Amino acid sequence: MKCLFINPPVYDFSAYDLWSKPLGFLKIIDLFKKNGFEIFYFDFLDRNHEFYKNIKVKKGKYGCGNYFYKEVEKPQIYKNVPRKYKRFGLPTNIFLDFLKNIGGLDFIFITTGMTYWVLGVREVINIIKQLYPKVPIIVGGIYTSFCYEDAQNLKANYIFKGKDILKFSYEFSSIFNIDIKMPERIEPFWNVYKKLDYLVIKTSSGCPFSCWYCGIKQIEGVYKKRDVEEVVEEIIKNVEKFKIEDIAFYDDALFFNFEEHLYRILEKITKNTKNLRFHTPNGIHPKFIKKEVSFILKETNFKTIRLSLETINDKRNKESDNKVNFNEFEMCVRNLVDAGFRKEEIGVYILAGLPNQKPEEVIKTINILKNYPLKIKIAEYSPIPGTVDFEIAKNLYPELPISDPLFQNNSIYPLWNFKNKWEIINQIKQMIKS
Ligand code: SF4
């Protein structure tokens, strides 16, 4: 049987390939591959596609870079946003050419990213429906997990909620009357790519913390570490195959129980590979970066460290499950600097636009952080359905359409609804640049 898997284009104000790959989707592909299906894959966000050979697009460091994009008309909901709206990813004609060569299909799978990227999913479904009106369409991923009701409007044959592959295999088998067996091991099926600029890896699932704004518990309810040997094997195999130099960790609590987990993984990888660089694009918990840990990170060649501070507001810190207090944060920065990390390598995320959060709180946090050798990164708040903060926001701002996935776009600071909003946002952006 033949299956087509599609990672759709992105409609947004900005998008950048910061070690971005659909890891969960690649595991679903592995499931079908191991069940004997013939696999076809089209990733609209693949920057190594031949199309990029003929166009000029800026490349960043460590395998990251810009996507090809075209400006498109803004949906009504964004009419007052003073920014250009774009479609990022390979043009439709490239996709249509690809489809010409694959013939008939039995199933089509589409993954989804951010809830507010739904326009790219709709675009793909419209094309598919015209060309393959009888082929079942299966849609899963972040958007369908958080906006399950809204996703019913996609007119797909099966919408999957969550990340549990075992549950997915049962449901799929029963809906389509096909026996999908769970293999002993599922791993991302990287072979769908001809070339990779980096590898992404998750050494655990879930998170032991419960922050009010975060939706992790809804999709990965239990915090679980993967087997160390299995992680190491997955890394080494793909590093050799794709000549990888950069590895980005997708874990949400990478340094939790460091000695028993990440340390053992790093020890084994660095013994068996050379010149790898490591990156932590998801914010890491400063309290776990003790002196010894920071020296190990330097020795093992971590190049991008992103710390989660989020705010200096004590009350709000409690809402972040007391993930970090300012003393722990200061200590962490000192440890990293002592180990030899430079300002350019240490970033700190602070949240902006939380329910009931005034810009003054963000500005105050920035002013304090400017005294430290690190780069400040604004993490714009996006209301995620099903979270504590989402419910708070719904009550605080009944006039805002926050259940509309497009309105959940973090670039529009959805909960900031005051007159000179864009002036203040630009002021904040300038502050972190200078
Ligand atoms: S620590 Fe991070 S992943 Fe864990 S609950 Fe908080 S925000 Fe979510």
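User: What makes the 93 residues a nonpolar core, and which have the most contacts inside it?

Analyst: A nonpolar core is a set of buried Ala, Val, Leu, Ile, Met, Phe, Trp, Tyr and Cys residues joined through C-beta atoms within 7 Å. Buried means that 20 or more other C-beta atoms lie within 10 Å of a residue's own; exposed means 12 or fewer, and partly exposed is in between, with C-beta atoms placed from the backbone. The largest such set here has 93 residues. Ile108, Phe109, Ile110, Val139 and Tyr143 have the most contacts inside it. Helix α1 (residues 23-34) gives the largest share of this core, six residues. The core also draws at least three residues from each of domain 1 (2-176) and domain 2 (198-433).

The model is predicted: local features need pLDDT of at least 70, side-chain atom pairs count only at pLDDT 80 or more, and totals for chains, interfaces and linings use all residues. Residues are numbered from 1 along each chain as its sequence is written.

User: Which residues is valine 139 in contact with, beyond its neighbours within four places in sequence?

Analyst: Contact requires C-beta atoms, placed from the backbone, to lie within 7 Å. Valine 139 is in contact with Ile110, Thr112, Val121, Thr144, Ala151, Leu154, Ala156 and Ile159.

User: How do you know that the span of helix α3 agrees with its 14 residues?

Analyst: Helices are DSSP runs of H or I, at least four residues; strands are runs of E, at least two; both are numbered from the N terminus. The expected span is 1.5 Å times one less than the number of residues. For α3 (residues 118-131) that should be 20 Å, and the end C-alpha atoms are 20 Å apart, so the two agree.

User: Why is strand β16 called largely enclosed?

Analyst: Seven of its nine residues (302-310) are buried, so the rest of the structure largely encloses β16. Strands pair if DSSP finds at least two bridges between them. β15 (residues 277-284) and β16 have four, in the parallel sense.

Note on methods
Domains from an automatic or database assignment. Contact = placed C-beta atoms within 7 Å.
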